[in-house]
Protein chains: 4
Amino acid sequence: EDRFTIAGRTFGSRLIMGTGGAPSLEVLDRALAASGTELTTVAMRRVDPSAPGSVLDVLRRRGIAVLPNTAGCYTAGDAVLTARLAREALGTNWVKVEVINDERTLLPDPIETFDAAERLIADGFVVLPYIGDDPALARRLEQAGCAAVMPLGSPIGSGLGIRNPHSIELIVEAVSVPVILDAGIGTASDAALAMELGCEAVMLATAVTRAQRPERMAAAMRSAVEAGRLARLAGRIPRRRYAEASSPLTP
Amino acid sequence: EDRFTIAGRTFGSRLIMGTGGAPSLEVLDRALAASGTELTTVAMRRVDPSAPGSVLDVLRRRGIAVLPNTAGCYTAGDAVLTARLAREALGTNWVKVEVINDERTLLPDPIETFDAAERLIADGFVVLPYIGDDPALARRLEQAGCAAVMPLGSPIGSGLGIRNPHSIELIVEAVSVPVILDAGIGTASDAALAMELGCEAVMLATAVTRAQRPERMAAAMRSAVEAGRLARLAGRIPRRRYAEASSPLTP
Amino acid sequence: EDRFTIAGRTFGSRLIMGTGGAPSLEVLDRALAASGTELTTVAMRRVDPSAPGSVLDVLRRRGIAVLPNTAGCYTAGDAVLTARLAREALGTNWVKVEVINDERTLLPDPIETFDAAERLIADGFVVLPYIGDDPALARRLEQAGCAAVMPLGSPIGSGLGIRNPHSIELIVEAVSVPVILDAGIGTASDAALAMELGCEAVMLATAVTRAQRPERMAAAMRSAVEAGRLARLAGRIPRRRYAEASSPLTP
Amino acid sequence: EDRFTIAGRTFGSRLIMGTGGAPSLEVLDRALAASGTELTTVAMRRVDPSAPGSVLDVLRRRGIAVLPNTAGCYTAGDAVLTARLAREALGTNWVKVEVINDERTLLPDPIETFDAAERLIADGFVVLPYIGDDPALARRLEQAGCAAVMPLGSPIGSGLGIRNPHSIELIVEAVSVPVILDAGIGTASDAALAMELGCEAVMLATAVTRAQRPERMAAAMRSAVEAGRLARLAGRIPRRRYAEASSPLTP
């Protein structure tokens, strides 16, 4: 079976879902089921773990693991604090570190992210940082002890897909921890491409939750991630400038 | 169920396989099974329908329909002749018209292709022409009575994928017969993209038969076509220049 | 000097201007001057050669040659008729054949264009056909006796640039008559790219005439065409996946 | 006149040349002249300012300003040291900070680069950092006091051009100091595109010094930068999905 592993935990599904953007918990629930996901990130600043009827209930019922994230933090200090609150509230030392530089683009701040990652690793966390598509930063974060790196394809919620496949390939070559494509996915072919480039998993939220038919898009993403992974393993034909007849070799 | 229809015949699988390029009939057989295809094209100039142990036997055993093609023809006259021989030998009036302009690129000749299509339609054939990604030619061929159009993504066997998605979108808008993306597919995300652009089906051969592991790539393509089709039906999010937070709307 | 030749006539400027889209004749006049063009196309169906104060007067005063075009024609017959009227009115046997398939996309019809080209060549015309980016059609038109081929980069007026550089390269390789990139140019880098791909000249209109400052954009296009041509002749460095230090070799 | 300004110094040419990669000082000399550059970067670790017949002599003779760079440094400490040596040797407090993460890709290390920039700014330097195409890092460096930011188009020496134009646009929007496109330029259209995206200048070396004909490529780059700048100022037409006839509006 083709499972993947982060920090010793293995997962059967390579599709990690965010929970933001859904029109209702019912829609989210059905989309999560259709996606087959086993791991979901939740913004700790926007959820009250003690409140009944929250997204956490949905996840518990479905048996989907929770990866708390620090969305909404603008400094390393905020992210560290948020991670600690999450650890206490949810009983997990895993955290997706997300430190944002500005409100408009929501792009991750490399300096604060690196600082937060170092501090949280020193504090015993399993850290998965959300970063730009920067191979050098990815390598630095691996050296600092991160359990995975989560480069963006394009800005969160933009649906622009993977703007720079070459950078994602360089990241996959640069690190040996899992690379999880995070942010920018708009449609199924984007997710398939991420896997073909060598990512171990794909993380997405609004591409599903804000699609016209979220449940169907969740199924599309599930198939796309499987397709891209299979294609990576299958070994694609090389690209050629010119044609090559497909028929002559056949008996 | 999401079936598609060409000239009154419906198909459950939207993946049409070519039979060229496989290292052996056994490999081809397993790849066809993994692909789930229900329709396969065979080059009439390279197969002897009466010989036992041919690719046609494999298809018969699997219950996969045969769409004869005129690969290897350089003029309308050759294509017409080849189509008639196919009709006699295989008992089908369907034909994929393929008239090639030169040996190196194997690009289809629009003038000969149009001529052949007109003559074959007049002779009672159901014609599916292989063409460049030209919306105007696609419209002309529909007006001439073709049952579908089969534009290329890039040259046969190049694995360059869909070089001009904008043209494929314009073709989908220009005609009401099915558009089948044919030629150039290299990997799973290419096939998913074709479906997202609005194609009704994808046709490919060497992307599977010459992959390092053909059977696995066949499974990848099967999932990719399903993923792309589901994504098309699901209604993707719009592309935005800037980010949009995914979390705020979540309860 | 780096001149280029069509059917025995040589030109110093590789920028061919269309005259459509300008807000006024004065603006057009200044833009033409800034562009340095020596050849301009004029839609015969939209100009009255005998009327004073027309675009033809501007061109005469500037000493810019006129290449009549058949814009607005939908059939080969219309194009042939229009070309003959142009020959009589303007005293030139050169014609840019433009036969359009539909009003919305204004994409050229390959079947009618080929038919018109054959008939006009038989009638002694020097024919420059406007076509899609189809290498096979380009080769057919060269074989039919066309003096140049004018493939589009993208639909007229779309400003989408060269959507399929690979096709333009294949056309440059496929024919030995000049390839003139026509339609779709939006900005300077598009024009430079056309020349780098091996085109002998670039034809454009609205990219200049509908720019916010047409005269300045005309100067931009002039420089861009020169830059792209020089770069083609200079022999660019190869593309590499990885970096190569630029400094070690320097003394 | 269209000059641009960094930290109070203005330049007429928007093409900044590196000096690495030339086959000889004579070739470099002629290429510099053809480029029209007024500012050149020199790797301090690879030049001996006191040696006669060095690249510095060529620059002095041509009256081209020198921007020392810290190429070859792997840590902030090394870069700070190198910048100080350069200040002493060349009498300039300007420095292009370049801190590399690994030998193979030569990609800049964001953490070390930011650290070096902060320390050098505190020490009175005018700092121009070479960075990945990360808008958030660019903003951080502006806030830290950098005089410009120099994002890459693609890895040094790769000739891959601008892999992610969207990121360069976001950087231009994110900062108010000049953005200088640095690294990856392969040919003229790449340089034109950089200017169209809003960069104030383009920096390149091997695209010229290792072209087959360096002098001619230098002239191409000079024209391309001018073309792109003019096009930016001219205000390009919008991109449209569909065609728009260019002729109807003309008298």
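User: Which residues of α1(D) are buried, and what makes a residue count that way?

Analyst: In α1(D), the buried residues are L25(D), V27(D), L28(D), D29(D), A31(D), L32(D), A34(D) and S35(D). Buried means under 20% relative accessible area, while exposed is over 50% and partly exposed lies in between (1.4 Å probe, protein chains only). Some background: this is a predicted model, in which local features need pLDDT of at least 70 and side-chain atom pairs count only at pLDDT 80 or more, whereas totals for chains, interfaces and linings use all residues. Residues are numbered from 1 along each chain as its sequence is written, chains are lettered from A and ligands numbered from 1 in the order in which they are written, and side-chain values use heavy atoms, with hydrogens and water left out.

User: Why is helix α1 of chain D called mostly covered, and what covers its buried residues?

Analyst: Eight of the eleven residues in α1(D), which spans residues 25-35, are buried. The cover includes β3 (15-18), β4 (39-43), α2 (55-62), α8 (206-209) and α9 (214-234) of chain D. These elements are DSSP runs numbered from the N terminus: helices are H or I with at least four residues, strands E with at least two.

User: Why is the pair of F11(A) and W94(A) called edge-to-face?

Analyst: Rings of Phe, Tyr and Trp (its six-membered ring) pair if their centres lie within 6.5 Å; planes under 30 degrees apart count as stacked, over 60 as edge-to-face and the rest as tilted. By this rule there are eight aromatic pairs over all chains. F11(A) belongs to strand β2 (residues 9-11) and W94(A) to strand β6 (residues 94-97) of chain A, 83 residues apart. Both residues are buried.

User: And what makes F4(C) and F11(C) a tilted pair?

Analyst: Their centres are 5.7 Å apart and their planes make 35°, which gives a tilted pair. F4(C) and F11(C) are both buried.

User: How do you know that R9(C) lies over the face of W94(C)?

Analyst: A charge sits over a ring if NZ of Lys or CZ of Arg is within 6 Å of the ring centre and within 35 degrees of the ring normal. R9(C) is at 4.3 Å from the ring centre of W94(C) and lies over its face. K96(C) likewise lies over the face of Y130(C), at 5.2 Å from the ring centre.

User: What makes up the interface of chain A and chain B, and how many salt bridges cross it?

Analyst: The contact takes 62 residues from chain A and 61 residues from chain B. The rule finds zero salt bridges across it, a salt bridge being a side-chain nitrogen of Lys or Arg within 4 Å of a carboxyl oxygen of Asp or Glu.

Technical notes
Contact = heavy atoms within 4.5 Å.
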